[in-house]
Amino acid sequence: MTYAGLDIGSRTIVLVEFDEGLKDYAILDTGPNPIQRCQQLLDGKTYRGLVATGYGRHLAATAFAHEAISEIKAYAVGARYLYPDCRTVIDVGGQDCKAALLSEDGNVRKFEMNDRCAAGTGRFLEVMARALELSIGELGDHALSATRMTPVNSLCTVFAESEVVSLIARGEDSRTIALGLHDAIATRIAGMVRRVGPRERVVFAGGGALNACLGRLLSQKIGLELTVPEQPQIVGALGAALVARAR
Amino acid sequence: MADYRSMWAELGLDLEKHDILLGALPGMYEGIFLTQDNRPEGMAYFDFVIGEIHGLRVKELMDHKASGGKVVGLFCVFVPEDLILAAGAIPVGLCAGTQFSVPDAEEVLPRNTCALIKSSFGFKVGRTCPYVQASDFVIGETTCDGKKKMYELLGQYHPTYVMEVPQKKTPLGRELFLEELRGLKAKLEEETGVTITAERLAEATALVEAKRAALRRLHNARRARPVPISGLDALLVTQVAFYDDVVRFTEKVSALCDELEGRVARGEGVAPAAAPRILVSGSPMAVPNWKLHRILEDSGAVVVGEESCTGTRYFTPAVAKNDGTLAGQLAAIADRQLETHCACFTPNDERIDDVLTLAEGWDVDGVVHYSLQFCHTFANEAVKVEKALAIRGVPLLRIETDYSDEDMGQIRNRVDAFLEMVRR
């Protein structure tokens with residue numbers, strides 16, 4: 001009796017299989033043809049229920065999924081399963097970031113999302129890592145090793161990249177620049193989180209939660225502890241799988 | 001559609017560009033409107049009007065001009081249509097609702113100007129709107145800084161007359177607006193050579209009031225659950241109100257209302273009774289701006305009202321009984337216009353009350369606050385609207401966008417999450 005959740009994001013596709021508990025998961029790059037990639041991922045597998053979320057959810061629902069749910073709901077359900085006392089979910093994904101306030105019984109009460117701009121998203125961090133010639137996995141620790149911060153003023157991904165280039169040219173230490181970049185987007189995300197009126201427990205999920213520096217700054221700025229799940233990237237797909245089971 | 005090319009050429013349209021614009025509309029309209037389930041038969045007239053969007057109605061305006069009449073363009077509900085009609089002129093709302101004309105505008109206007117202002121200006125400089133071309137002059141107003149300054153620039157391309165709308169609803173503000181109406185009356189008389197008498201004005205006001213009453217009737221039919229007409233169709237009717245012939249339009253809307261009231265009596269609707277009922281509140285939506293309604297209704301919601309200038313703000317206030325003298329009528333018109341609870345006023349708490357009344361009376365599950373990007377007045381008022389609704393337990397979703405399609409995915413995302421939240 002296996003159920004599956006599929007989170008088709010802008011950067012990664014996550015599949016979670018669920019029976020009595022979390023059974024298995026897979027994380028793949030989205031690539032240029034997400035539906036084809038999903039079909040490869042699902043090839044030869046049958047599930048009692050399959051629910052899709054993420055940007056590709058509607059396409060997936062037309063092609064093979066039983067239902068599509070928003071990422072807000074998926075993350076809320078996933079985070080509540082992992083932490084039943086969770087009241088706030090922050091998700092920093094590839095091309096957006098969101099914050100949701102949950103009621104005591106886990107329903108979404110209020111949410112905020114970034115608009116069309118990439119500031120405050122994983123994409124921002126990716127572009128900046130490249131400008132600093134680091135991998136996305138190295139960026140957070142690099143910033144944490146800084147002893148001071150070089151402020152970065154631009155939040156726009158394009159402008160911030162040019163700002164970083166000129167800071168490097170000026171001879172600034174790349175660690176202090178990295179810290180400045182994290183501080184800039186943490187400020188932006190924290191503003192969004194404050195708008196929903198966050199309450200503990202706050203779960204920080206999505207690919208962005210793999211970045212320890214971002215989590216630390218965010219926690220400082222909103223003045224609340226953040227809980228990062230062991231596999232923060234799979235929370236949305238897990239929520240979708242749980243919705244599939246509850247159908 | 002008949003061949004209007006010679007008319008368009010005579011109006012000085014950029015024919016090549018205009019062809020591209022008109023070429024895009026039928027496919028878009030079909031995809032959005034004609035694919036809806038269970039549409040009222042009475043919408044056939046409005047489909048026809050859109051099919052003839054730059055054709056038959058423009059021809060009527062040209063015929064009116066040929067027989068010595070004037071055509072007056074306008075953009076805003078503060079400009080009283082009855083005063084224009086009383087001068088024997090035809091008021092016509094101008095094109096302002098598409099991304100198509102924005103690049104033309106951006107060659108002149110600052111980019112960080114709202115889409116409505118850019119679109120309207122772009123239609124003139126790009127010569128792609130037959131209505132502005134056909135108009136003898138346009139009447140602007142001072143309802144926001146962006147428009148106010150745009151009209152100065154528009155005046156370099158087309159005769160433009162600007163009337164002042166006060167910023168506060170005070171006796172002094174009313175005095176100012178009344179004086180502006182007297183000034184507009186003089187301007188219209190000068191342009192048309194027609195003297196606006198008490199009789200002429202009373203007759204014109206009766207026509208405009210009948211149109212408003214018909215729109216209020218349509219608005220009231222949308223209180224029913226299930227709702228007898230989609231938000232898209234109802235929005236379209238209000239949009240058409242700005243440029244169609246006032247008498248014919250009133251007849252067609254009344255006929256549509258007969259049909260809708262029949263549906264309500266039989267418990268028939270365009271969506272399941274359980275579909276989330278949404279009130280849209282905020283910036284106006286000029287033709288063919290159907291973006292938000294389309295996303296909402298595609299996602300399974302029904303829009304049951306627009307607290308907007310292409311909604312309740314256009315048709316809710318009515319002229320009060322007056323002594324019938326010219327001065328008395330003008331004062332009554334001033335009062336009616338100033339009952340428009342637009343975010344250009346400060347304070348504007350009456351708008352918050354309107355939203356609350358609609359949320360309750362139209363059995364609304366959630367409110368979507370729509371602001372055009374760079375529309376500072378509405379974007380700021382969203383804060384108060386959200387707070388007032390929260391006290392009543394009505395959730396609100398803020399959408400800030402423009403006319404481009406690039407953020408459709410993001411908006412759909414939020415709308416889906418919002419509908420999951422409000423679904424009963």
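How are α17(B) and α18(B) oriented to each other? The two helices are oblique to each other, a label for angles that are not under 35 degrees (roughly parallel), over 145 (roughly antiparallel) or 65 to 115 (roughly perpendicular). The model is predicted, with local features needing pLDDT of at least 70 and side-chain atom pairs counting only at pLDDT 80 or more, while totals for chains, interfaces and linings use all residues. Residues are numbered from 1 along each chain as its sequence is written, and chains are lettered from A and ligands numbered from 1 in the order in which they are written.

Two packed helices are described by the angle between their axes and the distance between the axes. For helix α17 (residues 349–361) and helix α18 (residues 376–391) of chain B, the angle is about 45° and the axes are 10 Å apart. Axes here are lines fitted to C-alpha atoms, for helices over the stretch in contact, and angles run from 0 to 180 degrees between N-to-C directions. Helices (H or I, at least four residues) and strands (E, at least two) are DSSP runs numbered from the N terminus. In this packing, R351(B), I352(B), V355(B), L356(B) and A359(B) of α17(B) meet E381(B), K384(B), V385(B), A388(B) and L389(B) of α18(B). The contact has seven nonpolar, no polar and three charged residues; Ala, Val, Leu, Ile, Met, Phe, Trp, Tyr, Cys and Pro count as nonpolar, Asp, Glu, Lys and Arg as charged, and the others, Gly among them, as polar.

Chain A has nine helices and 10 strands. Its radius of gyration, taken over C-alpha atoms, is 18 Å, close to the 18 Å that the globule rule gives for 247 residues, so chain A is as compact as a globular protein of that length. The globule rule is 2.2 Å times the number of residues to the power 0.38. Along its principal axes, the C-alpha trace of chain A spans about 60 × 40 × 30 Å.

An automatic or database domain assignment divides chain A into domain 1 (1–83 + 231–247) and domain 2 (85–228). Between these domains, 15 residues of domain 1 are in contact with 24 residues of domain 2, contact being C-beta atoms, placed from the backbone, within 7 Å. Helix α3 (residues 71–82) of chain A gives the most to the domain 1 side, with seven residues.

Between the chains, 11 residues of chain B are in contact with 11 residues of chain A. Helix α19 (residues 408–422) of chain B gives the most to the chain B side, with eight residues. By class, that side has two nonpolar, three polar and six charged residues.

Definitions and conventions:
Contact = placed C-beta atoms within 7 Å.
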